[in-house]
Amino acid sequence: MFRFFRTIRLRLLGENKISKYLLYALGEIILVVIGILIALRINNWNENRKLYQEEKATIASLKLEFEKNLGTLNGDITALQGIIEACNSLLEHTGPDYEYGALPEVDSLVSVTSRMSVWDPSLYTLGNIKNSGKLSSLSNEHLKVLLIEWETFYANLLDWGDFYVNRGNTYFDYLLHNSLNRNLFAGAPFQLSPSKFERNNEELLLKPEFENYITNRVFINGFMLGFYQEAKARLTAIIEQCAMYENVQ
């Protein structure tokens, strides 16, 4: 093709048709420029497509990670609900009028109230996205906002989690000095036999201090449950945004 254009150019010069030659040269320059622009556009399109495919693969990993986190979170939510339920069962029987034998399952209930449910999600993929600077370049603006908000929310959750564990340890220390721990954890999975001491953990139900601790456990676990339920809603929203990439080629 270039040989063809060169032939035309030489013929116009040979015929001394300068004006036509100039017009032809201008047209040739325009064609070259158009060709370069098209090539650049195609190159940019290919580059953008490559970047989007990389983003799509990253978001797929993020979705998988958050789906696993959601699964473990659901388990912790169920555990918290069980702790609160056990606390309420005990509070129905606390007081000076309690009669021994009215709540034979007191050991198992107190054991449940001593548990702590601390969610420990994986944040490896999200950390990579943030540290690599890819978070700011995400094409999905809504997902970007959700992830930024998640960072702030999770920091608050960690702070509350520290307080939650601290209060849980305080309660466990109280049980260590005011109950027969062996009876609380007798049987599976620890394979402990009941204590031989005559002291009975039903005595706890007669103590105002124990009632205060159990009431505090309801509030503490209730607040934690609220955090976990909000975390579940946030995770679900992020997963839904991630799923939108699956239908885009």
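**Exercise 1. In which helix is Asn221 found, and is Asn221 buried or exposed?**

Solution. Begin with the kind of model: this is a predicted model, in which local features need pLDDT of at least 70 and side-chain atom pairs count only at pLDDT 80 or more, while totals for chains, interfaces and linings use all residues. Residues are numbered from 1 along each chain as its sequence is written, and side-chain values use heavy atoms, with hydrogens and water left out.

Step 1: Asn221 is found in helix H7, where helices (H or I, at least four residues) and strands (E, at least two) are DSSP runs numbered from the N terminus.

Step 2: Asn221 has a relative accessible area of 0% and is therefore buried; the cut-offs are under 20% for buried, over 50% for exposed and in between for partly exposed, with a 1.4 Å probe and protein chains only.

Step 3: Not counting residues up to four places away in sequence, Asn221 touches Leu80, Ile83, Ile84 and Tyr164, a contact being heavy atoms within 4.5 Å.

**Exercise 2. Describe the protein chain as a whole, using its helices, strands and buried residues.**

Solution. Step 1: The protein chain has 7 helices and 0 strands, and along the sequence the pattern reads α-α-α-α-α-α-α.

Step 1: Of the 249 residues in the protein chain, 35% are buried.

Step 2: Among contacts with a separation of 6 or more, 80% are between residues 24 or more positions apart.

**Exercise 3. Which residues have the most contacts inside the largest nonpolar core, and which helix supplies the largest share of this core?**

Solution. Step 1: A nonpolar core is a set of buried Ala, Val, Leu, Ile, Met, Phe, Trp, Tyr and Cys residues joined through side-chain atoms within 4.5 Å.

Step 1: The largest such core has 53 residues, and Leu90, Val110, Trp119, Trp150 and Phe210 have the most contacts inside it.

Step 2: At least two residues of this core come from each of helix H2 (18-91), helix H3 (106-113), helix H4 (124-131), helix H5 (141-178) and helix H7 (208-243), and the largest share, 13 residues, is that of H7.

Step 3: Now follow Leu90, which, leaving aside its neighbours within four places in sequence, is in contact with residues including Val106, Val110, Phe210 and Ile214.

**Exercise 4. Work out where Ala86 is placed and what Ala86 is in contact with.**

Solution. Step 1: Ala86 is in helix H2, and with a relative accessible area of 4% Ala86 is buried.

Step 1: Leaving aside neighbours within four places in sequence, Ala86 is in contact with Leu109, Val112 and Thr113.

Step 2: Ala86 and Val106 are 20 residues apart along the chain, and their C-alpha atoms are separated by 9.5 Å.

**Exercise 5. Where is Ser114 found, and is Ser114 buried or exposed?**

Solution. Step 1: Ser114 is found in the loop between H3 and H4, and at 8% relative accessibility Ser114 counts as buried.

Step 1: Leaving aside neighbours within four places in sequence, Ser114 is in contact with Tyr171, Phe172, Leu175, Phe185 and Arg217.
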